[in-house]
Amino acid sequence: FRVLRWTWRLTWVSALAGLAYVGYGIYETRNPSDQPPPDPSKKTLVVLGTGWGSVSLLKKLDTENYNVIVVSPRNYFLFTPLLPSCTVGTIEHRSIMEPIRNFLRHKKAAVKYYEAEATKIDYEKRVVYVNDESPIKGDVSQTEIPFDMLVVGVGAENATFGIPGVREHGLFLKEVGDAQAIRNRIMDCCETATFKDQSEEERKRLLHMVVVGGGPTGVEFAGELQDFFHSDLKKWIPEIQEKFHVTLVEALPNVLPMFSKQLIDYTEKTFKEETIDIRTKTMVKNVTDKYIEAESTGPDGKKQLERIPYGLLVWATGNALRPLVKDLINQIPAQKDSRRGLAVNEYLVVKGTENVWAVGDCAVANYAPTAQVAAQEGAFLARMFNQMAKSQEIEAKLIELSEVQEKAPNAEARNKAFDEIKDLQKRLRRMRGVNPFEYSHQGSLAYIGSEKAVADISWFSGNIASGGTITYFFWRSAYLSMCFSTRNRILVLMDWVKAKVFGRDVSRV
Ligand code: FAD
Ligand code: NAI
């Protein structure tokens with residue numbers, strides 16, 4: 001009994017200590033301690049963007065070492081892997097956004113943040129020109145920021161390949177606003193399709209949801225949309241049941257080219273069961289407000305042009321360069337052959353420049369443009385910058401010590417300084433040996449609808465391919481654990497429970 005009593009007491013004490021720890025954590029998050037202001041006497045490090053690459057850098061960077069300035073039109077970090085879930089309301093968009101202010105306020109030394117778009121990088125002058133593009137503008141809405149060091153992490157924009165009508169009539173899926181626009185358009189199409197005296201043909205068109213691009217963005221969105229229809233839409237609007245249809249259009253012979261053959265087949269089979277139509281070898285050439293024109297290649301190799309009417313068109317055909325990046329490429333002779341982004345070396349330095357680095361989708365380093373790559377690149381730069389700052393500190397100390405050694409009054413003081421110098425030189429040599437960036441691929445994951453996911457996971461030197469419901473739970477737990485903050489994790493978890501219990505919201509705002 002005594003043992004039991006002590007065990008009981010110990011359990012209580014540990015539970016209380018745990019609660020106090022969590023409570024303190026929350027208090028600390030809400031009430032950050034004072035930060036020393038940015039020190040303009042230190043090197044100015046300008047970071048462009050608040051996406052995966054830049055935020056991963058800022059997370060690990062010791063901000064005491066530099067005068068850090070962040071410029072981005074988006075004052076939050078967006079957890080893009082769960083963005084397709086926001087298009088149908090499985091997850092609310094604010095659950096996957098983390099305000100950049102909250103995050104920067106917890107850094108060791110203060111960081112300046114400007115909500116603005118970098119419009120030009122003048123490499124010769126070492127200046128970034130920025131514009132406040134938000135609806136509210138003050139007397140000053142354009143300015144310039146000089147830099148000693150610059151990290152370009154502005155991501156990419158949506159590729160349209162110059163296909164006419166895409167920008168005017170299609171919806172993209174990259175930002176929160178895109179997901180909201182898609183969610184509204186789905187509901188608008190459904191409500192308009194049920195409008196009094198609507199013809200059957202028009203109804204069919206309005207309820208035809210076309211997704212162009214069979215990469216992971218297109219596949220995940222198509223899966224989410226079909227889930228929304230099966231679990232919610234058809235219950236609340238039974239009139240649309242017969243005509244609602246999702247079609248995925250892909251120019252290549254199969255979807256998800258980055259996954260193994262086995263998972264491609266599994267995805268295509270699952271889509272067939274879910275009644276999502278996959279139109280491979282079909283290249284969209286033109287888009288109007290009511291139909292797309294696509295060229296499909298038949299089994300006999302014959303090409304055929306057809307018109308596909310649509311109500312919703314989601315365009316997910318990958319990435320293109322931002323104008324800012326294009327302009328920087330044009331300024332640097334060594335970048336003249338760069339087509340897909342800023343060519344960087346093994347330390348992520350933009351080739352042909354000094355003290356300019358690039359991370360994520362705007363950089364080309366022989367890796368796919370994914371969050372995984374961008375995050376690892378950002379973390380690498382942070383480690384390197386921290387080390388560079390320490391090296392500079394040591395170099396300054398070495399100069400100081402050699403003066404001490406020169407002016408030493410006796411042999412004992414001289415020897416002491418000599419030993420310290422030797423020690424510091426050894427440390428400096430170790431620090432200067434920074435290894436180049438090496439990407440470690442953890443695997444690829446994608447949700448394909450009907451509570452199924454596919455995963456190609458790297459395991460030691462091999463690869464495990466799996467698809468199905470267990471993989472779906474793995475997908476969920478992996479992304480939940482990767483969410484930016486505990487707040488995000490709790491909100492996402494609550495959204496999943498809410499969608500399961502009450503269904504998704506079908507209102508249009
Ligand atoms: P982004 O994260 O796009 O950030 C760019 C930042 O730059 C933004 O803050 C933007 O506002 C800012 N910016 C833009 N222009 C300017 C300017 N002129 N001046 C200053 N700032 C600017 N990858 C995965 O690995 N796994 C996934 O599951 C996955 N799912 C995805 C789902 C969707 C729907 C999408 C669209 C992408 C997904 N990705 C995924 C890819 C991943 O999101 C990108 O590879 C990643 O976001 C790239 O990071 P980045 O930092 O380069 O750019
Ligand atoms: P993507 O580049 O992976 O795929 C685009 C697809 O569109 C290609 O298969 C291409 O053949 C097709 N296409 C291009 N033009 C076309 C046309 N005119 N008609 C029909 N099809 C056309 O693009 P996506 O899916 O937007 O992904 C961008 C990046 O983000 C990729 O690197 C991807 O790996 C990453 N990502 C990763 C996710 C994950 O890991 N779960 C989820 C979403 C994106």
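Start with the shell around ligand 1: its residues divide into twelve nonpolar, twelve polar and five charged. Keep in mind that this is a predicted model.

**Stop 1: the whole shell.** Select ligand 1 and the residues around it. The shell holds 29 residues.

**Stop 2: the elements behind it.** Now show the secondary structure. Four elements each supply at least two shell residues: α2 (52-60), β2 (67-72), β6 (117-122) and α11 (371-406). Colour α11 separately. With three residues, α11 gives the most to the shell around ligand 1.

Stop 3: Go to Y479 and show its side chain. A polar atom there sits 2.7 Å from an oxygen atom of ligand 1. Next, turn to the backbone of Q372. One of its N or O atoms lies 3.3 Å from a ligand 1 oxygen. Then pick G153. Here a polar backbone atom is 3.4 Å from an oxygen atom of ligand 1. Taken alone, ligand 1 exposes 990 Å², and the protein buries 89% of that.

**Stop 4: D132.** What is the nearest side chain of opposite charge to D132? Select K137: this is that side chain, and it is 5.5 Å away. D132 is buried yet has no salt bridge, because such a bridge needs a nitrogen-to-carboxyl-oxygen distance within 4 Å. Finish on S134. Its side chain joins that of D132 through a polar contact of 2.6 Å.

Technical notes
Residues numbered from 1 in each chain as written. Chains lettered and ligands numbered in written order. Predicted model: local features only at pLDDT ≥ 70, side-chain atom pairs only at ≥ 80, totals over all residues. Heavy atoms only, no water. Near = heavy atom within 4 Å. Polar contact = N/O pair within 3.5 Å; in protein donor to acceptor, adjacent residues only side chain to side chain. Areas by Shrake-Rupley, 256 points an atom, 1.4 Å probe, with all protein chains shown as cover. Nonpolar A, V, L, I, M, F, W, Y, C, P; charged D, E, K, R; others polar. Buried < 20%, exposed > 50% of the residue type's maximum accessible area, 1.4 Å probe, protein only. Lys, Arg positive; Asp, Glu negative; His and termini not counted.
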